[in-house]
Amino acid sequence: MNYAFARNQYKKANNAALSAVSDPHEMIGLTMRELSRSLNALQHEKIDSARRQNLLSKAFTAVYILQTSLDFDKGQEIAANLFKVYEYFRTQLQNDLRAPGQAELAVCHEIIEEIIDAWNNIN
């Protein structure tokens, strides 16, 4: 089995698992947890360039999903504040992309963990 085949099988399995989640609340929770895992790994793991790029890609994607899922009509001030927090994450990820180890990923990780705790208490 070659690398490309294995990667495609992983993507299919991962997409199938995500598509099985029908609850939007749960989907956002999964996205936040994925962002948390990526931020944690970026600051703690000894990783090669390919793994680092994969983690950055996952983190950027999670931030994009979180930003685009905000409902500014219903959430108003909370949605606006969360957007700013997610934008801070995006900026720090960009900083890490340019200069690994120089971004404030630990701060981002602490913040997303607090948001996850709050999110889990909503339902």
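What share of the contacts in the protein chain with a separation of 6 or more comes from residues 24 or more positions apart? The figure is 59%. Contact here means heavy atoms within 4.5 Å.

Some ground rules. This is a predicted model, where local features need pLDDT of at least 70, side-chain atom pairs count only at pLDDT 80 or more, and totals for chains, interfaces and linings use all residues. Residues are numbered from 1 along each chain as its sequence is written, and side-chain values use heavy atoms, with hydrogens and water left out.

Now the overall layout. The protein chain has 5 helices and 0 strands. Helices (H or I, at least four residues) and strands (E, at least two) are DSSP runs, numbered from the N terminus. Of the 123 residues, 28% count as buried. Buried means under 20% relative accessible area, exposed over 50%, and partly exposed in between, with a 1.4 Å probe and protein chains only.

Let's take helix H2, residues 24-44. H2 has 21 residues and spans 30 Å from first C-alpha to last. That is close to the 30 Å expected at 1.5 Å a residue, where the expected span is 1.5 Å times one less than the number of residues. Its buried residues include His25, Met32, Leu35 and Leu39. The buried residues of H2 pack against H3 (49-68), H4 and H5 (105-122).

How do H2 and H3 pack? Their angle is about 145°, and their axes lie 9 Å apart. Axes are lines fitted to C-alpha atoms, for helices over the stretch in contact, and angles run from 0 to 180 degrees between N-to-C directions.

Who meets whom? On the H2 side, we have Leu35, Ser38 and Leu42, among others. On the H3 side, the residues include Arg52, Leu56 and Ala59.

Zoom in on Ile28, in helix H2. Ile28 is buried, because its relative accessible area is 13%. Leaving out residues up to four places away in sequence, Ile28 touches Leu66, Ser69 and Trp119. Ile28 and Ile65 are 37 residues apart in sequence, and 8.2 Å apart in space, C-alpha to C-alpha.

Last stop, Asp96. Asp96 sits in helix H4, residues 72-98. Is Asp96 buried or exposed? It counts as buried, because its relative accessibility is 3%. Its side chain reaches the backbone nitrogen of Gly101 at 3.0 Å. Beyond four places away in sequence, Asp96 touches several residues, among them Leu42, Arg52 and Leu56.

Notes:
Polar contact = N/O pair within 3.5 Å; in protein donor to acceptor, adjacent residues only side chain to side chain.
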